[in-house]
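Visitor: Could you take me on a close look at the surroundings of the ligand in this model? I would be glad of some context on the whole chain before we get there.

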Amino acid sequence: MAKWQCVKQCGACCHLNPADRPDLDEYLSPPELEVYLSMVGEGGWCINYDKHLRECRIYANRPRFCRVESEIFQDMYGIKPEELNDFAIDCCRQQIEGVYSESSLEMLRFDEAVGFDFC
Ligand code: SF4
Ligand code: SF4
């Protein structure tokens with residue numbers, strides 16, 4: 001069974017363009033939405049994302065909505081702990097496809113890391 005993990009130097013979910021996430025206000029509180037919008041930088045990338053190193057500059061202090069954690073996903077999306085794994089894999093794949101494409105190296109690396117199998 002595929003097991004979710006974040007793949008280093010991916011960064012797809014750090015592309016925050018609100019145009020790609022029209023339902024932000026459904027799962028973020030008003031203060032969180034304000035923080036989110038304040039982080040949108042050039043080309044829709046998070047201002048805290050280091051594009052050269054391809055990593056978060058504030059990882060230890062990143063906002064709650066950047067964290068893939070059971071309690072947070074239950075609160076934000078109504079996802080039960082036992083659903084988190086598959087939901088997180090779907091989220092990452094959708095985000096990677098939107099930012100880099102279905103056939104990108106990032107998608108290949110993600111699928112390999114989590115053991116995702118189309119068959
Ligand atoms: S899209 Fe998924 S794998 Fe890529 S950086 Fe975000 S959490 Fe990690
Ligand atoms: S704060 Fe960090 S983890 Fe969150 S979107 Fe920005 S770069 Fe990515």
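Guide: A compact globule of 119 residues would have a radius of gyration near 14 Å, and the chain, at 14 Å, agrees with that. Please keep in mind that this is a predicted model. Along the principal axes, the C-alpha atoms fill a box of roughly 40 × 35 × 25 Å. The chain has 5 helices and 2 strands, and from the N terminus on they follow the order α-α-β-β-α-α-α. Of the contacts with a separation of 6 or more, 56% are between residues 24 or more positions apart.

Now to the ligand. Around ligand 1 you will find Cys6, Val7, Cys10, Gly11, Ala12, Cys13, Cys92, Gln95, Ile96 and Phe110. By type, this shell divides into 8 nonpolar and 2 polar residues, with no charged ones. The element that gives the most to the shell is helix 4, residues 84-99, with 3 residues.

Buried residues make up 13% of the 119 residues in the chain. In soluble globular proteins, nonpolar side chains tend to be buried together. Here the largest nonpolar core has 9 residues, namely Cys10, Ala12, Ala88, Cys92, Ile96, Val99, Met107, Phe110 and Val114. Two or more of these residues come from each of helix 4 and helix 5, the latter spanning 105-114. Helix 4 gives the most to this core, with 4 residues.

Most residues other than glycine have a negative phi. Gln9, however, has a positive phi, near 60°. Gln9 sits in the segment before helix 1, which covers 24-27. Gln9 counts as exposed because it has 9 C-beta neighbours inside 10 Å, and the limit for exposed is 12 or fewer. Ser101 also has a positive phi, near 110°, and its place is in the loop between helix 4 and helix 5. With 11 other C-beta atoms within 10 Å, Ser101 is exposed too.

How values were computed: Residues numbered from 1 in each chain as written. Chains lettered and ligands numbered in written order. Predicted model: local features only at pLDDT ≥ 70, side-chain atom pairs only at ≥ 80, totals over all residues. Near = placed C-beta within 6 Å. Nonpolar A, V, L, I, M, F, W, Y, C, P; charged D, E, K, R; others polar. Core = buried A, V, L, I, M, F, W, Y, C linked by C-beta atoms within 7 Å. Buried ≥ 20, exposed ≤ 12 C-beta atoms within 10 Å, placed from the backbone. Rg over C-alpha atoms; globule rule 2.2 N^0.38 Å. Contact = placed C-beta atoms within 7 Å.
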